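Dear colleague,

I am passing on the structure we spoke about, together with some notes on what turned up in it. Please read the notes beside the model itself.

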Amino acid sequence: MTSDLEFKLREDLLAEADALAVAEDPWPRFVQREGAHRRSRRVRAGVVAGLLVAAVGIQTNLIPLPGWIPGIAVASSASPLAEGPTRGSLAADRAWLDGLRGQVKDLQDPEGLWRITDRDAIHVVYASDVPGRRVALVVVPLRLGVITASELIWFIGPPGAEPEQMEQGGNQGADTAVATWMESDATDGGVAVVVGPAGSTVTISSFTGYSPKGVVEHRQLSSSTGTGVGVAAVPPARTVGGPALTARVTNGDTVIHDGEIGGGWSGDADMSASQEPTDEMLSVAVRDAQGPVIDRAVLAVFVGSALRDSRLSAQDVTIRLRWSGSINDKPAALFTIQPKGGGVIAYAMHGDTTGWRTDLRLLLPADGAAQRPIAWRMRAEGKDTRTDRVIVVTPPGTATATITVRDGAPTAVTLDASGSGTTTVAPNQPATVTALAADGTTLASTPVPAFETNMGGVPGSTMNTRIIQ
């Protein structure tokens, strides 16, 4: 289950505990009725202990839940995927669908064993043969003690597989409107499946590069109108991290989903080596960098991570270190990666060779990228908590810098000798950083990106990771 489910489980159990009545302290009457209360205390202690043991046993599914105890619904089946008839080439094969339902197993989680509440209530959303596979998606009603939830589970088998040959794959909460699955490798490629609401249009595309205008470019692999199901052959991808497929699901003018397709992908050692920067590349990258010298091993780790994240090969890019310094007592760097003839991707990271954090990834138009001031928001160290702290790095030739929040007046940012400074902006407030020359003229301005909520796609694939002019 998810962390949200864990939080909800804790909240529900605490609420149940608060509602329990606690017996009064028997001590004031102890002297008068010592013998009777000794017996009653033993009985009460036995009952309370038994209830506690039973509660733990029920919540972990060690003890069957009595039928009269209602479940607490955590994830509903309100998703469009839980409604309507089965889709796919196997939709009319009742015997096969019934056999698949029999293959669904209880789910083991750190919280305990999630048991299927009603096998007849398992709904097969999609079942079909696709290139090289047989794939199915089912909605399964589950219970963990008094908590009930529904889960979407993928099943995968060889072409023409019998139900018992289908193996359980990934799963996710059933409260989603779109489910995606992919299985591919670097040499032979593979296949991707996207299931959305019935009647929707599904388009599957693959990442091809970054345009000079700062736009992520895609190539459409497939599009299906009105079926709510998309299937695409995945081409071989010689990049660490996989082919970076995206799915767009629409119903008329309404965009239901627009994001990356997750799944299984395997590469090889040669590909990993292609995304490690050489010493020569790093020597060129650090020329004219602002700030103190950064440890070369740390910089190599940062750049290698960025190349994998951007799906780029070290041999096809130009790397430039814009700034180096220290954040939270750890080495920090702002650097850019530009594929030949493409846009510029700015990365800010801090940490060391044992662990690091990506604080910024931002796709910029190639024109004027080197003259831009860049600012990024900081999370609390080691946590996902958003803070109001903003790091600013200005280009060479900057005399002063300002930060403008919404439509307010510009506020000066104090810069150090490296052209960097720190300021504050509320996490939910848009802002713009501006670099100015000594005579007060504006060199360039750049919006301060909002916090990323999902770093699964390539930089530039979401509004928070691109600048478009």
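Two strands are taken to pair if DSSP finds at least two bridges between them, and it is in this sense that E18 and E19 are said to form a hairpin, with two residues between them. Please keep in mind throughout that this is a predicted model.

First, the chain as a whole. The protein chain contains six helices and 26 strands, and of its 469 residues 46% count as buried. Among the contacts in the chain with a separation of 6 or more, 60% are accounted for by residues 24 or more positions apart. The accessible surface comes to about 23000 Å², and carbon and sulfur atoms make up 53% of it.

As to confidence, the mean pLDDT of the chain is 84, and 80% of the residues reach 70 or more. Over residues 1-60, however, the pLDDT is below 50, although this stretch has 46 contacts in the model beyond near neighbours in sequence. Where pLDDT is low, the predicted coordinates should not be read in detail.

Strand E18 covers residues 344-352, and because nine of its nine residues are buried, the strand is largely enclosed by the rest of the structure. In a regular strand the side chains alternate between the two faces of the sheet. In E18, Val 344, Ala 346, Ala 348, His 350 and Asp 352 point one way, while Ile 345, Tyr 347, Met 349 and Gly 351 point the other way, and all of these residues are buried.

Which strands does E18 pair with? On the one hand there is strand E17 (residues 330-339), which runs antiparallel to E18 and is joined to it by six bridges; within this pairing, Ile 337 has Ile 345 of E18 as its bridge partner. The hairpin of E17 and E18 has four residues between the strands, and Gly 341 takes a positive phi near 70 degrees there. On the other hand there is strand E19 (residues 355-364), which pairs with E18 in the antiparallel sense over nine bridges, and in which Leu 360 is the bridge partner of Ala 348.

E20 is joined by five bridges to strand E21 (residues 386-393), and the two run antiparallel. Two of the facing positions can be named: Ala 375 stands opposite Val 392 in E21, and Trp 376 stands opposite Ile 391 in that strand. The hairpin formed by E20 and E21 has six residues between the strands, and Gly 382 in the turn has a positive phi of about 75 degrees.

Finally, two single residues. Ser 184 has its place in strand E8 (residues 179-185). Is Ser 184 buried or exposed? With a relative accessible area of 6%, Ser 184 falls under the 20% cut-off, and therefore counts as buried. A polar atom of the Ser 184 side chain lies 3.4 Å from the backbone oxygen of Gly 189, and the side chain also reaches the backbone nitrogen of Gly 190 at 3.4 Å. When neighbours within four places in sequence are left aside, the residues in contact with Ser 184 are Gly 189, Gly 190, Val 234, Pro 235, Gly 264, Trp 265 and Ser 266.

Gly 259 lies in strand E14 (residues 254-260). Its relative accessible area is 19%, and because the cut-off is under 20%, Gly 259 is also classed as buried. Leaving aside neighbours within four places in sequence, Gly 259 is in contact with Leu 245, Thr 246 and Ala 247. The C-alpha atom of Gly 259 is separated by 7.3 Å from that of Gly 457, a residue 198 positions away along the chain.

With best regards

Conventions
Residues are numbered from 1 along each chain as its sequence is written. Side-chain values use heavy atoms; hydrogens and water are left out. Buried means under 20% relative accessible area, exposed over 50%, partly exposed in between (1.4 Å probe, protein chains only). Contact means heavy atoms within 4.5 Å. A polar contact is a pair of N or O atoms within 3.5 Å; within protein, one must be able to donate a hydrogen and the other to accept it, and residues adjacent in sequence count only if both atoms are side-chain atoms. Accessible areas come from the Shrake-Rupley method with a 1.4 Å probe; for residues, only the protein chains shown count as cover. pLDDT is the predictor's confidence in each residue, from 0 to 100.
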